[in-house]
Amino acid sequence: MNSKYAFFTIDVESFSDTECVAGSGYCSKDDMLDGLQTYIDVLNKYNIKATMFTLKDVASKYKGLLSEFISGGHKLALHGNRHVPMIDMPLSRFKRETIHAKNVLEDIFGVKVRGFRAPFFSMDRARLDILQSLGFLYDSSLTEFSHARHTTHVNLDGFSNPQGRIFVKDGFYEFGNSVEKVFDSSFPISGGGYMRLSPWFFSGSLLGKHLKRNDYYMFYLHPFELSNHKMPYIKNLKIHDMIYLYSGISGYKTRLERIIDNLTKEGYTFSTFEDVAEKNMFNQKTE
């Protein structure tokens, strides 16, 4: 219970799945999935295992690459049937599509799919209960940021909170995003655009404070953020969407390594959600 845990994850989706790209009507011929290889290469350098939250369609297209990473000890998990907000979907459809996508991934790769992350971190308690009923071991969709689109409050009544952003109920785990207080608000420091767009003196300072005071950290990003391919120009994007797509891309690999270095210096143990949950080390009530 005294260990400090760090988890590195990636949402394996194509560039066209990015909300502002999909909404623009732009049809990208480049899915920028080479960023997944870059990410795994960096993590392998530090002997860190990733959890790859993978969309069903991407899984079938990149069977060879993903199989290679799974053989290397990285974990496969589900990112949904399609890249759409889960809370906008009727519960019956969510259950049906999740069962289908889970079965497809298990058939393709011959491994048990035990984890789930909703596109856009779009989750609520009703869907969380469905995941548990379907035999998932864990979810990682919980976020605390009022400005995040497609998210809502997740009722975790009945879950214990033994450490950090780890919540557990009857052997089922929820692993949340890492956040740090900025004045009276929570600011995500788990990666994605949040750790890429802001200047390092700001995000690095928040991260440093967080790692000294906490015992849990989760990082995530998307393949396009580490792609070596040229970012296409997309017309008619809103200013904030342009900033999100184009800013901080070239230096994100370096920033990723700085984050790993900070975690190492603070004595964090690198693990995966699946490994921690399977050991059942946190499945106990805390007063």
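In this predicted model, the secondary structure of the chain amounts to 11 helices and 12 strands. With a radius of gyration of 18 Å, close to the 19 Å that the globule rule gives for 287 residues, the chain is as compact as a globular protein of that length. Along the principal axes, its C-alpha atoms fill a box of roughly 55 × 45 × 40 Å.

Of the 287 residues in the chain, 55% count as buried. Among contacts with a separation of 6 or more, 76% are made by residues 24 or more positions apart. The accessible surface of the chain comes to about 12,800 Å², and carbon and sulfur atoms hold 50% of that area.

Rolling a probe the size of a water molecule over the atoms shows where empty space is left. Here the count comes to one cavity of 30 Å³ or more, and the largest cavity holds about 50 Å³ of space. Its lining consists of Gly80, Asn81, Arg82, Met86, Met89, Arg93, Phe94, Glu97, Thr98 and Phe116. Helix H5, which spans residues 91-109, supplies four of these residues, the largest share of the lining.

Methods. Residues numbered from 1 in each chain as written. Predicted model: local features only at pLDDT ≥ 70, side-chain atom pairs only at ≥ 80, totals over all residues. Heavy atoms only, no water. 1 Å grid on protein atoms, 1.4 Å probe; cavity = no way out; pocket = protein on both sides within 12 Å on 5 of 7 lines; lining within 4 Å. Points joined across faces, edges and corners; volume = space filled by probe spheres on them. Helix = DSSP H or I, 4+ residues; strand = E, 2+ residues; numbered from the N terminus. Rg over C-alpha atoms; globule rule 2.2 N^0.38 Å. Buried < 20%, exposed > 50% of the residue type's maximum accessible area, 1.4 Å probe, protein only. Contact = heavy atoms within 4.5 Å. Areas by Shrake-Rupley, 256 points an atom, 1.4 Å probe, with all protein chains shown as cover.
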